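Me: I would like to learn how to read a protein structure. Please take me through it one feature at a time.

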Amino acid sequence: MSLNHIRPWRNIYRRKSRQIMVGNVPVGGDAPISVQTMTNTLTTDVAGTVAQIQAAADAGADIVRVSVPDEASSKALKEIVAESPVPIVADIHFHYKRGIEAAEAGAACLRINPGNIGSEERVREVIAAARDHGCSMRIGVNAGSLEKHLLDKYGEPCPDAMVESGLEHIRILQDNDFHEFKISVKASDVFMAAAAYQQLAEATDAPIHLGITEAGGLTSGTIKSAIGLGNLLWMGIGDTIRVSLSADPVEEVKVGFEILKSLGLRHRGVNIISCPSCARQGFDVIKTVEALEQRLEHIKTPMSLSIIGCVVNGPGEALMTDVGFTGGGAGNGMVYLAGKQSHRMDNEQMVEHIVEQVEKRAAEIEAETAAQDAAE
């Protein structure tokens, strides 16, 4: 990312990794950190799976993973890949032949788990299929499914065991002259995952896929992921992420983007800055923000909006946002545009009005960007 010389405390120095391609999405190097999710429909339900992929893509997903547990799913995968708007990662466990079939079906990447994919010979067959069909691969180490010899050696899942598993599998790929791979070392324990990722980052230059696996429901899983992934990203570790929630995949994408946006690593859509509300609020802040979040989901242009209930912090926050609204008295508040006071607006009409102002500003930003691109 570009360095901020005015506010150096905002700088994040990303770990140097080599770049691979997942379909048409670059991962690693200086590429933007990509956001992934995974479908939870039956893969054999082609229409349902494609619809879920499309919804995730609309929310901002760069890559979507699809489970391939059986031969029928392999056959369905070919149809899914053909209709998907984003690259598809085939999730492979236990049956190495599913990996071969997924490569043949057009998957952009094969995710294999060293703990359950089988012997080196089977892995070599999957590697050959990936090479023949232009697939990249992800080595997906999971604390819950480590190889028996590592559990015997370390006594329990731990960062050392996870990294050793990943490095063993890297050796197999590299011994077979295959280098188009990324790697993850996931655990549901935030401490274990963070420690494993830090070790891994020092041990390889491969792109790293971040995740706190089986993080939990929407609220608890979001918090665990924000702590674990946020700290690693802040340290410069991570080239692609997936937030694992027991929730709609679209929610995973939203949370992933919010984590990246909070660190200035990705910019997409409206960043709403709002107060928690108190007795000083001049309008119902919570209901207003809920309404605006829904009404502004279609905006993909990066921009900022401040919704503050009173004049304590409202004018100051509005100075730094594209559009702002600060609560006042007598049933109305002040609208700010580009950080400056513009006009007053009745509370009853504010949501519609703010949506109009945001849409207008988004169109202006897009036009300015297009003009700059044309000039270059």
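Me: Which residue in β7 is the bridge partner of Ile112?

Reply: Ile139 is the bridge partner of Ile112 in β7. Two strands pair if DSSP finds at least two bridges between them. Helices (H or I, at least four residues) and strands (E, at least two) are DSSP runs, numbered from the N terminus. Here strand β6 (residues 109-112) pairs with strand β7 (residues 136-142) in the parallel sense, over four bridges. Before we go on: this is a predicted model, in which local features need pLDDT of at least 70, side-chain atom pairs count only at pLDDT 80 or more, and totals for chains, interfaces and linings use all residues. Residues are numbered from 1 along each chain as its sequence is written, and side-chain values use heavy atoms, with hydrogens and water left out.

Me: In what order do the eight strands of the open sheet run?

Reply: The order is β8-β7-β6-β5-β4-β3-β10-β9, with parallel pairing. At the edges are β8 (181-186) and β9 (209-210), each of which pairs on one side only.

Me: How many residues does the largest nonpolar core have?

Reply: In soluble globular proteins, nonpolar side chains tend to be buried together. A nonpolar core is a set of buried Ala, Val, Leu, Ile, Met, Phe, Trp, Tyr and Cys residues joined through side-chain atoms within 4.5 Å. Buried means under 20% relative accessible area, exposed over 50%, and partly exposed in between (1.4 Å probe, protein chains only). The largest core here has 79 residues, and Leu77, Leu110 and Met137 are among those with the most contacts inside it. Helix α7 (residues 190-203) gives the most to this core, with seven residues. A second, separate core has 21 residues, including Val270 and Met350.

Me: Which residue forms a salt bridge with Asp91?

Reply: Side chains of opposite charge can pair when their charged atoms come close. A salt bridge is a side-chain nitrogen of Lys or Arg within 4 Å of a carboxyl oxygen of Asp or Glu. The partner of Asp91 is Arg111, with the closest N and O atoms 3.8 Å apart. Asp91 lies in strand β5 (residues 88-92) and Arg111 in strand β6, so the pair ties together parts that are 20 residues apart in sequence. Both residues are buried.

Me: Is Glu297, which forms a salt bridge with Lys254, buried or partly exposed?

Reply: Glu297 is partly exposed, with a relative accessible area of 48%. Lys254 is also partly exposed, at 30%. Their closest N and O atoms are 2.8 Å apart.
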